[in-house]
Amino acid sequence: MWVVAGMTLVSQAGPSYCIPTDISRCKTAQNVVIGWYRLLAGDLVTDCIPEEKCLSHTVVLRMLFKLIGTEHEKFGFEIGTLRPMKYEQIAELLHGIAERFDWDKIMEGDTIIGLQQGKQSISLEPGGQFELSGAPVETLHQTCAEVNSHLYQVKAVAEEMGTGFLGIGFQPKWALKDIPIMPKGRYDIMRNYMPKVGSLGLDMMFRTCTVQVNLDFSSEADMIRKFRAGLALQPIATALFANSPFTDGKPNGYLSKRSHIWTDTDNNRAGMLPFVFDDNFGFERYVDYALDVPMYFVYRKKKYIDCTGMSFRDFLAGRLPCIPGELPTLNDWENHLTTIFPEVRLKRYLEMRGADGGPWRRLCALPAFWVGLLYDEDSLQSVLDMTAEWTSEERQMLRNKVPKTGLKTPFRDGLLRHVAEEVLKLAKDGLERRGFKEVGFLNAVAEVASTGITPAEKLLELYHGKWGQSIDPVFEELLY
């Protein structure tokens with residue numbers, strides 16, 4: 001038995017099929033990355049030539065457990081000055097958590113860049129955003145307990161250092177020049193490339209935080225249905241969790257500045273992916289898309305090699321200019337997938353990517369929202385029926401306008417708020433049918449849907465009222 005990122009694969013005797021570690025050795029190299037998805041979905045993979053370097057000569061079947069993986073990012077800051085934590089402080093924090101709570105250290109050379117404990121990991125985003133990537137678990141109670149345990153551990157060490165963490169979607173006070181740069185090789189490559197392909201890429205890297213949930217699919221058909229539902233409703237999630245109305249110490253004109261930033265980061269690798277709604281969409285179509293997303297890097301001999309703007313199709317043919325003659329492995333393909341940033345991303349699972357980071361209660365509400373909608377057949381089908389007639393133009397309109405107008409965005413005969421209320425009811429019904437008593441996790445966003453007032457609008461009200469147009473109180477308001 002193999003466990004792969006939240007999905008269990010069970011081997012069974014049968015004909016000789018394989019996924020070779022060198023994907024170029026398949027009859028058609030592109031077919032193996034399509035086959036990789038089908039393997040994860042439990043379908044047979046027959047496109048490879050059986051040979052010694054195959055990982056397995058078995059028929060591999062997928063057993064669906066509908067696991068939940070939650071990830072969230074947060075901004076570290078000095079309590080006294082409110083300034084962002086420097087890397088040296090973050091390194092001290094990582095060492096402290098590792099030693100006190102028995103985490104394994106992740107190193108890049110002699111530099112600590114993260115922690116690992118079982119299937120959980122802690123990593124650093126480019127500007128020092130502190131990210132927990134949770135283990136795949138079966139219930140929302142487990143994922144929320146994991147979040148609470150993580151925040152307890154972080155707080156226990158951070159408080160002794162005079163530091164804290166802020167749950168918000170965009171750095172509210174400090175300019176780009178004030179943000180520290182983390183010593184990770186891949187981020188050096190991205191930092192140099194971003195200004196060439198968009199005006200807001202560096203803001204995305206250094207000044208945004210998100211919360212997302214990773215969900216399983218059981219077949220190609222199941223993936224398609226969940227992908228379409230997730231993409232169509234992603235602007236509603238953006239609105240419900242909108243929490244980034246400040247930039248450089250004052251209102252920025254958006255409710256979700258983080259979401260807006262993605263519209264001009266790199267449109268070759270971000271966006272709403274309208275082809276997902278085409279009749280011919282499936283694993284093959286997504287692979288075609290991913291192959292055409294320009295590369296960032298290749299990892300060789302514990303170093304990142306700059307391959308920005310180059311083609312993975314050329315890599316498959318051994319014609320990659322940065323490492324001429326070399327052929328890709330499945331690890332290269334998986335690394336490439338991590339550099340694609342659409343509103344919903346297909347990897348070994350589906351990632352829901354539209355929400356701003358926020359305080360701890362909303363960290364549990366985001367997975368509850370999507371689990372209730374996508375892990376219950378009745379709710380999933382209701383979403384698909386509801387959104388079936390939405391046009392590509394309407395979906396894109398919502399994507400463009402929601403970061404500024406939230407649930408007050410006009411849509412068809414009313415406001416997006418009215419759709420959000422219906423969607424939240426479907427999420428609640430889905431959670432009730434799961435039978436794990438998880439509905440309470442939606443309480444953190446229930447009032448948002450019923451009133452149409454986003455978290456960002458509540459922060460703006462405080463800014464213009466109680467806070468006297470000072471941004472500093474937000475660090476206490478949203479302190480973990």
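Predicted model: local features only at pLDDT ≥ 70, side-chain atom pairs only at ≥ 80, totals over all residues.
## Sorting the residues

Ala, Val, Leu, Ile, Met, Phe, Trp, Tyr, Cys and Pro count here as nonpolar, Asp, Glu, Lys and Arg as charged, and the others, Gly among them, as polar.

## The cavities

There are two cavities of 30 Å³ or more. The largest cavity holds about 80 Å³ of space. Its lining is made up of Phe75, Gly76, Pro84, Met85, Ile90, Gly127, Gly128, Gln129, Gln171, Ile179, Pro180 and Phe206. By class, the lining of the largest cavity has seven nonpolar and five polar residues, with no charged ones.

The second largest cavity holds about 40 Å³. Around this space you will find Met295, Phe297, Val298, Tyr299, Phe312, Phe315, Asp332, Asn335 and His336. Strand 14 (297-300), helix 9 (312-316) and helix 10 (330-337) are the elements that each give two or more residues to the lining of the second largest cavity. Sorted by class, this lining has six nonpolar residues, two polar and one charged.

## Helix 3 against helix 11

Next, the helix packing. Two packed helices are described by the angle between their axes and the distance between the axes. For helix 3 (residues 140-161) and helix 11 (residues 360-374), the axes come within 10 Å and cross at roughly 155°. An angle over 145 degrees counts as roughly antiparallel, and helix 3 and helix 11 are therefore roughly antiparallel to each other. The crossing of helix 3 past helix 11 is right-handed.

From helix 3, the residues in this contact are Leu140, Thr143, Cys144, Val147, Asn148 and Leu151, and they meet Trp360, Leu363, Cys364, Pro367, Ala368 and Val371 of helix 11. The contact of helix 3 with helix 11 has 10 nonpolar residues and two polar ones, and no charged residue takes part.

## Helix 3 against helix 2

Helix 3 also packs with helix 2 (residues 87-101), at an angle of about 125° and with the axes 9 Å apart. This pair is therefore oblique, and helix 2 passes helix 3 in a right-handed crossing.

Helix 2 brings Gln89, Glu92, Leu93, Gly96, Ile97, Arg100 and Phe101 to the contact, while helix 3 brings Tyr152, Gln153, Val154, Ala156, Val157, Ala158, Glu160 and Met161. Among the residues of the contact of helix 2 with helix 3, nine are nonpolar, three polar and three charged.

## Helix 11 against helix 14

Helix 11 has another partner to look at. How far apart are the axes of helix 11 and helix 14 (residues 416-434)? They lie 7 Å apart, and the two helices pack at an angle of about 75°. That makes helix 11 roughly perpendicular to helix 14.

The contact of helix 11 with helix 14 divides into nine nonpolar, two polar and one charged residues.

Terms used. Residues numbered from 1 in each chain as written. Heavy atoms only, no water. Axes fitted to C-alpha atoms, helices over the stretch in contact; angles between N-to-C directions. Helix = DSSP H or I, 4+ residues; strand = E, 2+ residues; numbered from the N terminus. Parallel < 35°, antiparallel > 145°, perpendicular 65-115°, else oblique. Left-handed = near helix turned anticlockwise from the far one by under 90°. Contact = heavy atoms within 4.5 Å. 1 Å grid on protein atoms, 1.4 Å probe; cavity = no way out; pocket = protein on both sides within 12 Å on 5 of 7 lines; lining within 4 Å. Points joined across faces, edges and corners; volume = space filled by probe spheres on them.
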